[in-house]
Amino acid sequence: MLATPHRPRLAVWKFASCDGCQLSILDLEDELLALAGRIEIANFREASSAVLDGPYDLSLVEGSITTREDAKRIREVRAQSKVLVTIGACATAGGIQALRNFANIDEFRRAVYARPEYIETLATSTPIADHVPVDHELRGCPISKSQLLEMVGAFLQERAPNTPNESVCIECKRRGNVCVLVARGTPCLGPVTQAGCGAICPAFSRGCYGCFGPQGSPNVASMLTELHRLGMTAPEVRRVFRTFNAGAPAFRTASEFAVEATDAKEGAP
Amino acid sequence: MTERTIAVDYLARVEGEGALTVRIQDQRVEDVKLRIFEPPRFFEAFLRGRSYLEAPDITARICGICPVAYQMSSCHAMEHALEMRVDGMIRELRRLLYCGEWIESHTLHVYLLHLPDFLGLPDAVRLAKDHPEAVRRGLALKKAGNHLMQVLGGREIHPINVRVGGFYRCPTVDELGALRPELETALGLAEETVRFVAKLPLPDVAEDYEFVSLRHEHEYPLNEGEIVSSRGLRIPVTDYESAFEEVQVPHSTALHSVRKGGGSYLVGPLARYALNHDRLGPRARAAAKEAGISDVVRNPAQSVVVRAVEVVYACEEALRILDAYERPAEPFVPPPETRTARVGMAATEAPRGTLYHRYRLDPGGLIAEAKIVAPTSQNQRRIEDDLRHVVERSLAMDEPALTDACERAIRHHDPCISCSTHFLRLTVERS
């Protein structure tokens, strides 16, 4: 009889997040069972009540760090993981909850809770890479299922995953989309946003809203000029960069630049 | 005097992070605490200062399992604030998108999260070894829901095609028509699912729930209706906050919602079905009849059957909409200029139950205040009541068996902890 080959052990971890990126694993309806044949699902709380102890060969980490305990927990996860891959905008950039980084957290607490003293949280939401070394990241809010499969496949084949950091514009050209920015004057973050989604928004007559975060070499200054030319006000430009990847450095810089432009116009200090 | 403590540190097969503590003293249940330790994300705080047009995309991120529910409740609330009416095919397309989410979310729960409990297995992968045809059926059904969301919404998680007033782009008749064979197959799979789960060995219990859901004049409720309860409440959605309130409890992490002057209540499939079974389509009604469930189901374990019946309904409703579809001339109703401060509220039926949103807008159309009440925060107190009863019935059990029984009791209600904790984390209560 043939010995059962060693299957690498997979763990899936959740930090501050909406669960959508780990749901992408369960959304692999055609591949899930085959995948489970190649990789042992050792620790995936959302999907299984059977949890095996570490160490793990591959850890997928969803969510951002927003509490002291989570800052400690991610170090424990790293210590038990041979390869650690962050999945989604929360894990790679801090997520929508990183909007607190631009605000006063005590005021946020008071705004939402009658008893703010019960609420324990950090003043910032930060990506996993700010806390531990990360071997690879999958962008997106949510991640792309095909990039997830490519990453897991590459891991099993011991090669580097092919997840290019080119812009959404490239995907639009490939898909044959008409450029919504040039043809219709619709504000679109495609030129500065990393590919991976398949250029869905422009295919639905909508400008890209940047949910995959900044591409490899984004020309943010030129993007800002274009958005203003299309009639967006400085607060609108600031908001457009302050969504799911607000904490990504290039988008944060763009949003801060937009604020300075507004302040200058209004004569603020 | 003997004291036992049952502690589950991390609930499995629920969305989000939760834990449970039960304290038993001298054969009496002293305390039940469903703790939610999902970190707070402060949606209601950072929505302030955002344009009303941004609410659907931002609130979708509260939950990756039911983003359409958040998109729908926020769109309807904004349209209420702006006194807009969205009718005709755009309204039908919204219903269709919601059907996709119901199929996907319910099927995920029935097959991947709930079913393993009834068969004594830890997850669907192990389940696939003993019941490969069941798991394949579940995955195919779930895929049909996801595919519908992809075609109409752009993608299944956090769809990009929803906006205040309607959609960015309406599908062509051919694009939607191409979904028909898959949805017809799905309808058959959903009916098989009802037959399959009706045969499961379910525990025989009954809880005295106050059911709360939307009720619509002639539809099974998704996007619209009055708020009704099994104890005679009947109010427009605009009066929601006069009947229900959120209280912050020091022991748990999410806000609890209660009936003002009353106690816990239940939203979700059991409530919708009890209050609206006469509005189901013919195939769903026939499936419920064949499964032998009564018009009011008080057994939380039987929610697995009711969820499956609702999937039959979502499939037949989707097919009805497909067959009558004509592409609207414009994909959305343009919102009017905003010049005055406004308030809008709406409730829609997320897979897990009624989802209420209220927004106050400033004269420039920026959000000044947001309030979001998720289904699981409404059910949390009721789930604790269920747990108390489970423990009372099972005091003779040893620790692992009792723990298991408690975890199952929680999973009956498909709690989504990411939703219910849109914001909150509690520090440990000290006594």
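Colleague: Which residues have the most contacts inside the largest nonpolar core?

Modeller: This is a predicted model, in which local features need pLDDT of at least 70, side-chain atom pairs count only at pLDDT 80 or more, and totals for chains, interfaces and linings use all residues. Residues are numbered from 1 along each chain as its sequence is written, while chains are lettered from A and ligands numbered from 1 in the order in which they are written. A nonpolar core is a set of buried Ala, Val, Leu, Ile, Met, Phe, Trp, Tyr and Cys residues joined through C-beta atoms within 7 Å, buried meaning that 20 or more other C-beta atoms lie within 10 Å of a residue's own, with C-beta atoms placed from the backbone. The largest such core has 189 residues, and those with the most contacts inside it are B:A190, B:A308, B:V309, B:V312 and B:C315.

Colleague: Between which domains of chain A does this core lie?

Modeller: Domain bounds come from an automatic or database domain assignment. Both domains of chain A give residues to this core, so it lies between domain 1 (9-156) and domain 2 (168-266).

Colleague: Which residues is B:V309 in contact with, leaving aside its neighbours within four places in sequence?

Modeller: Two residues are in contact if their C-beta atoms, placed from the backbone, lie within 7 Å. With those neighbours left out, the partners of B:V309 are B:V194, B:Y273, B:A284, B:A287 and B:A288.

Colleague: Which residue of strand 4 of chain A does A:E62 stand opposite?

Modeller: Strand 3 of chain A runs parallel to strand 4 (residues 81-87) of chain A, joined by six bridges. A:K14 stands opposite A:E62 too. In strand 4, the residue opposite A:E62 is A:I87.

Colleague: How far apart are the C-alpha centres of the two domains of chain A?

Modeller: Contact between them involves 17 residues of domain 1 and 13 residues of domain 2. Their C-alpha centres lie apart by 26 Å.

Colleague: Which helix of chain B supplies the largest share of its side that touches chain A?

Modeller: The contact takes 50 residues from chain B and 49 residues from chain A. The largest share of the chain B side is four residues, from helix 6.

Key
Helix = DSSP H or I, 4+ residues; strand = E, 2+ residues; numbered from the N terminus. Buried ≥ 20, exposed ≤ 12 C-beta atoms within 10 Å, placed from the backbone. Pairing = 2+ DSSP bridges.
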